[in-house]
Amino acid sequence: MANKGPSYGLSREVQQRIDQKYDPDLEVILVQWIIAQCGPTCKEPEAPGKEALQKWLKDGEVLCILINSLAPKSVDRIQKSDKSFKQMEQISQFLRACEKYGIPPTDLFQTVDLWEGKNMASVQRTLMNLGGIAVTKSDGFFRGDPNWFPKKSQENKRAFSQDKLKEGQSVIGLQMGTNKGASQSGMTGYGMPRQIL
C-alpha cells in the first residue's frame, strides 16, 4: 500500500464503499486463470486477500506476461525492477496492450488503482473483461476454463434482399403509434359532464 496514513470522514466512507466491491471469490478465479494462462513463470500470491493480490501484481511483470500470452509481443520488454516508476510504466504498458486487445478505455483501471491498492475491485473488473474477450476471440491463446468468464457479445450482421426491405416500408411500426381503428365519434367537449341515461 502507499505510504499514507489512515483516512477519516468522507474519504474513509468512500474507501469503504470501494473496498466493499472487492470480491474474494472472483479473486480465486482470477488467480487460477492467471497461473493457468502464464504457466510456471508466474508463482502464486503469498496468501489470499486483496493485499497479497496487489503485491503480486504491483510490479506489472505478471500482467505483462499475461497479456503477452494472449496477444504475443504486446509488451516488448518485461523487466523486474524495484523502482516505482518502472513498475508503474509496466502497468501502463499492460493497460495500453489491453486497449489494443479490445477492452474499452472505460473498463480499464488506472495505474494508481493497482499500484497504491486503492481500488482493487477495478483491477478485478479489468481482468474479468480481459478474460471474457480472450474466451470470445477463440484464437487458441486462451488457457483455462472458459466457464470462468462470460462471453462478450459479438456482431450478428443480417443481409436482407431488396424485396424484403421494400416490404418493410409499407408497414407502420409500433414506434409511430397506432389508434387501432379508434375515432373521436361520440366524444363530448372537455369539461362537459357525461350523460347518464
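## Terms and model

A residue is buried when its relative accessible area is under 20%, exposed when that area is over 50%, and partly exposed in between, using a 1.4 Å probe and protein chains only. Accessible areas come from the Shrake-Rupley method with a 1.4 Å probe, and for residues only the protein chains shown count as cover.

This is a predicted model, in which local features need pLDDT of at least 70 and side-chain atom pairs count only at pLDDT 80 or more, while totals for chains, interfaces and linings use all residues. Residues are numbered from 1 along each chain as its sequence is written, and side-chain values use heavy atoms, with hydrogens and water left out.

## Chain overview

The protein chain contains eight helices and zero strands; these are DSSP runs numbered from the N terminus, with helices being H or I of at least four residues and strands being E of at least two. Read from the N terminus, the order of elements is α-α-α-α-α-α-α-α.

Of the 197 residues in the protein chain, 36% are buried. The chain exposes about 13,900 Å², and carbon and sulfur atoms supply 52% of this area. Taking contacts (heavy atoms within 4.5 Å) between residues at least 6 apart in sequence, 56% join residues at least 24 apart.

## Salt bridges

Side chains of opposite charge can pair when their charged atoms come close. The criterion for a salt bridge is a side-chain nitrogen of Lys or Arg within 4 Å of a carboxyl oxygen of Asp or Glu. Searching the whole structure gives five salt bridges.

One of the five joins Lys-55 to Glu-46, with an N to O distance of 3.4 Å. Lys-55 counts as exposed because its relative accessibility is 53%, and Glu-46 does so at 69%.

Glu-61 and Lys-80 form a salt bridge through their side chains at 3.1 Å, N to O. Glu-61 belongs to helix H4 (residues 61–70) and Lys-80 to the loop between H4 and helix H5 (84–101), so the pair ties together parts that are 19 residues apart in sequence. Lys-80 has 66% relative accessibility and therefore counts as exposed. A network of salt bridges links Glu-61 and Lys-80 with Asp-59.

## A pair within helix H8

Lys-164 and Glu-167 form a salt bridge in which the closest N and O atoms are 3.7 Å apart. Both residues lie in helix H8 (residues 162–169), at a spacing of three residues, about one turn of the helix. Lys-164 is partly exposed because its relative accessible area is 46%.
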